[in-house]
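Work through the exercises below with the sequence and the coordinates open side by side.

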Amino acid sequence: SDHMENIYGYLMKYTNLVTGWQYRFFVLNNDAGLLEYFVNDQSRHLKPRGTLQLAGAVISPSDEDSHTFTVNAASGEQYKLRATDAKERQHWVSRLQICTQHHTEAIGKNNPPLKSRSFSLASQGSANSPGVQRRPSQNAVSFFNVGHHRLPTGKRVPVMQPDHLVDVREMMSQAEGQQRDLIRSIECLPVSGHLTSLDQDLLMLKATSMATMNCLNDCFHILQLQHASQQKGSLPAGTTISWLEPKISLPNHFKNGAAQNFPAEINKPASVREEQSIAEPCQLTREPEEINPDEELEDICDDKEDDLGAVEEQRSVILHLLSQLKLGMDLTRVVLPTFILEKRSLLEMYADFMSHPDLFIAITNGTTPEERMIRFVEYYLTSFHEGRKGAIAKKPYNPIIGETFHCSWRMPKSDVATDAGSNFPARSPSEQVTLSKDTEGQAELDYYTVKFVAEQVSHHPPVSGFYAECVERKMCVNAHVWTKSKFLGMSIGVTMVGEGILSLLEHGEEYTFSLPCAYARSILTVPWVELGGKVNINCAKTGYSASINFHTKPFYGGKLHRVTGEVKQNMTNMVVCRVQGEWNSVLEFTYSNGETKYVDLTKLSVTKKRVRPLEKQGPFESRRLWQHVTESLRDGDIDKATEHKRALEERQRNEERLRAETETPWCTKYFLKEGDGWVYHKPLWKTVSAAQTQQTDTN
């Protein structure tokens, strides 16, 4: 291949916590399939400081930045490397992957992986079934030729002969046939009656038998590779080869065990072809769009997720999916079945956390720093209940890069809590300056407007930015969140990495906060959501802070959805408020003066958000982007929803590939990268500062 040339150059190599990163001179030896490194270029004629066999290795670009990547050898050894820039990383990664693939395929050529064989579908209990053709001597041990023997000291393990591999391959073929007949027999059962194809025990049997056969195939492939390496001497003795054959493809969803056959391109609905043909986002206008709140209408969508129908019908798909996952596996790049999705994007879910705008606006009405911190904690704890759509745990759509969501809320001024003793001074001339076109004429209005915008600013890692502001009350919140999900056995955990900042410009205060982890529990029965972890809220100017603990339910006993917290003054370490209760039910606030306040979240009024009609939304606004998926889910057509979803995901992959080939950076629309975070391009604090500066210059 033209790409199989030897390459060399300096890379940074991570050694340990003490030594950190060090420059080393690396050489890719394509002929030998080795990655070697030296202290520097001058020492290339000496013995390498380290060598990795690339056969069976995995080359992975890192999500932490655009320069880092890892080389995971089959032996378990790992090099964590860093290039000078993204272009150099791509050069090294592509060459290493080509070399790895070449040498991995070369090892397996003499013993190709097991080929599937077709077996006729036998009736239940038929004497012709492979299950009853086993010879009398084939018990569980002799069938796979497995035994426990203590080897004499000093004796080498005998090398498995090729004919033994042939015997094992034959036995594996028989086992696969039996497993396929088992699956077909289960699926031929009626859907109702005493024993059905949806029986929980039978579904579990299907999933575990599938996982067992996958594991046996992996083990057999390892035997093949080890045998080939011992014959050729290409790998050192004792090398452990990791899984090389892909598991059953996760994106290929199954319906009761049968693969779905999607129509050819020419037969695809026009909506799917439209989804695939939308131009490259950077070729569309990436200029920020000013959304007029008057164009937005009160939302009439109310997609509660309390229906278990689809989940019940697709139980076998869930079991099959679980059989492919490993504990701790990162699910960021795993394509999950469509039927477990909510009918909204993750960006819209963040907006639904703002469903109590009266509590949000009331924060700045607190007369003291202590009261404002307590009000923020009250608002923070009431936001999660409405952010969930029903009791059933379902997953929002993963936003595609460049996707945006806009909405607003109108809150009657009379509904926003104030204090009888609070005396806000009359606004000075500088405060009466027109801040933007949005504020013109609003002095006569009897309601406040809270505007919200969210954007998916990164795909790998998946990072969302969102911003909300109330211009009349001079307050805004800016946040960025990186969602990291992991498989935890019978649950899925989602870590919300990031930070939010609430700015109260009338008081010159900033409150930093984080978000708790979320867990989808009991994913095999009735899935439900639980929050967990500790979050902190801090205001550096006033010295007040809050510590909130979301408690996960213990294995035995305990309450669900329990939360505790306290607000204190850091200088004196005095606790001024304690809170306890359930984040989706009743919260109890106890103040330093002995008073107690109860908040019943189930009785709090919810303000409907206002959203532009679909025909006025841009092609990358969430509801218009996902409209065909949402409509199909509402109609219960899982196949069509999957097809639309797949078209969107494929388009995103194609666009990402094109940007990588042309070295075109992604350009965001509303958020700018600042340090490790993302900030709205026109935050209120900049607008207010500019307006006040202009007024000062005029005077």
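**Exercise 1.** Determine the accessible surface of the chain and the share that belongs to carbon and sulfur atoms.

Solution. With the Shrake-Rupley method and a 1.4 Å probe, the accessible surface of the chain comes to about 35,600 Å², and 52% of this belongs to carbon and sulfur atoms. The model is a predicted one, in which local features need pLDDT of at least 70 and side-chain atom pairs count only at pLDDT 80 or more, while totals for chains, interfaces and linings use all residues. Residues are numbered from 1 along each chain as its sequence is written, and side-chain values use heavy atoms, with hydrogens and water left out.

**Exercise 2.** Decide whether Ile401 is buried or exposed, and find which residues it contacts.

Solution. Begin with the location: Ile401 sits in the loop between strand 12 (395-397) and strand 13 (404-412), where strands are DSSP runs of E with at least two residues, numbered from the N terminus. Next, its relative accessibility is 7%, so Ile401 counts as buried (under 20% relative accessible area; exposed is over 50%, partly exposed in between; 1.4 Å probe, protein chains only). Finally, setting aside neighbours within four places in sequence, the contacts of Ile401 include Gln456, His459, Arg659 and Trp666, a contact being heavy atoms within 4.5 Å. The C-alpha atoms of Ile401 and Trp666 are separated by 8.8 Å, although the two residues are 265 apart along the chain.

**Exercise 3.** Which backbone oxygen lies 2.6 Å from a polar side-chain atom of Arg375?

Solution. Arg375 belongs to helix 10 (residues 369-387) and is buried, with a relative accessible area of 14%. The backbone oxygen in question is that of Ala362.

How values were computed. Helix = DSSP H or I, 4+ residues; strand = E, 2+ residues; numbered from the N terminus. Polar contact = N/O pair within 3.5 Å; in protein donor to acceptor, adjacent residues only side chain to side chain.
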